[in-house]
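Please keep the viewer at hand while going through the points.

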Amino acid sequence: MESVQPGEVPLYDRNKELKAFDETKTGVKGIVDMGIEKIPRMFVRTQDEFTEDLAYTDATRDQFQTPVIDLQGIDYRRNEIMDEIRRASVTWGFFQLVNHGIPISVTNEMIQGIRRFHEGDIEVKKRLYVKEMMSQKVQYYSNYDLNESRSANWRDTFRCRLLNPDPIDPQLLPETCRDIIVEYWKHIMSLGDILAELLSEALGLNKDHLKGMDCTQYLALLGHYYPACPEPELTMGSTKHADQSFFTILLQDQVAGLQFLHQNHWVTVKPITGALTVNIGDLIQLISNDKFKSSEHRVVASHVGPRISVGCFYRASLDKPTLLYPIRELTSETNPPVYQNITFKEYIDYAHSRGLDGVSSLNYFKL
């Protein structure tokens, strides 16, 4: 794979380079293990991508602070917590949870389990390597949208469908992280149910409304591995995008990199030991008729690494004909529906056909 000097745009066969990378089945880590000093051309962002970034600036350290919501005492502070979630979901689309009930020993081991997988036996990873996201319950890949993206991301991913709506057989999970995924799964399912209730109430609905729309029927866990990059200014860990979920709960290690867009500024989500980051996904923005915002976010590449994160994505299952539409109670003559009535499959098919191109898939379904 060819390297590039800053500012240099050589002629090369991109499809050939993508194919060669894909066929190694070793991901970005495989490139790093070769001891490279220059990143391959396929990872260098296009001039269009650099130009688009000029519309935004990085927030200063104290300019914006991601809301931090304390779940301690939820039994007697429920209305206060729900109000905080409403404000964060309307204004930011992102917030962090502390005192969420998952022991720090579990969150720490979850990070280590994902690291063990990515740094473990390459033959195990090769057996799980596949790009098609719905093709198997457990998979490993690098850049699922490799052929659709303008430039590849500096990231490898372990992915498993824990619930769809039937639970996964734990024996399908790799030994390096099987036990901790099963343990973390128990906690994250419970927290997901609590969060779905709080989000429902924050919208002024019955606490079971979102669960009644199948928002927690499907749960996918993605363990991302962002190796240290020799030229982080030329690439991205993850391109700007919004999540294809109702909501996402993210665990990240202490290596900063996650940023979300707020008032045309990129705001860095400061790592807090043991905290979990929640972001609103496209599906809640659609059904809330734009009341809650699905904030676009990205991960910047860094000389420091590896960076590890574990995202849990809650949504409906493709195995059911789930209908998505602006909730009737949230629309009126003065606030008419913004989006069409669509099936969840229509949304997913469209979103997956485009990859992470930085443009919201919701735009396609507006009335």
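Where does Asp290 lie?

1. Asp290 sits in the loop between α9 (282-287) and β12. This is a predicted model. Asp290 is not a glycine, yet its phi is positive, about 75°. Its relative accessibility is 18%, so Asp290 counts as buried; the cut-off for buried is under 20%.

2. Gln263 also deserves a look. Its phi is near 50°, a positive value in a residue other than glycine. Gln263 belongs to the loop between β9 (258-262) and β10 (265-268). Because its relative accessibility is 56%, Gln263 counts as exposed; exposed means over 50%.

3. Check the peptide bond from Asn164 to Pro165. That bond is cis, with omega near -10°. Pro165 is in the loop between β5 (156-163) and α7 (178-202).

4. Check the bond from Gly305 to Pro306 too. This peptide bond is cis, and its omega is near 5°. Pro306 is in the loop between β12 (297-300) and β13 (307-315).

5. Now turn to helix α5, residues 104-118. With 15 residues at 1.5 Å a residue, α5 should span 21 Å. The C-alpha atoms at its ends are 22 Å apart, which agrees.

6. Which residues of α5 are buried? They are Val106, Thr107, Met110, Ile111, Gly113, Ile114, Phe117 and His118. Viewed down the axis of α5, these buried residues fall within an arc of 155°, so they line one face of the helix.

Methods: Residues are numbered from 1 along each chain as its sequence is written. This is a predicted model: local features need pLDDT of at least 70, side-chain atom pairs count only at pLDDT 80 or more; totals for chains, interfaces and linings use all residues. Side-chain values use heavy atoms; hydrogens and water are left out. Helices (H or I, at least four residues) and strands (E, at least two) are DSSP runs, numbered from the N terminus. The expected span of a helix is 1.5 Å times one less than its number of residues. Buried means under 20% relative accessible area, exposed over 50%, partly exposed in between (1.4 Å probe, protein chains only). The arc is that of the directions from the helix axis to the C-beta atoms.
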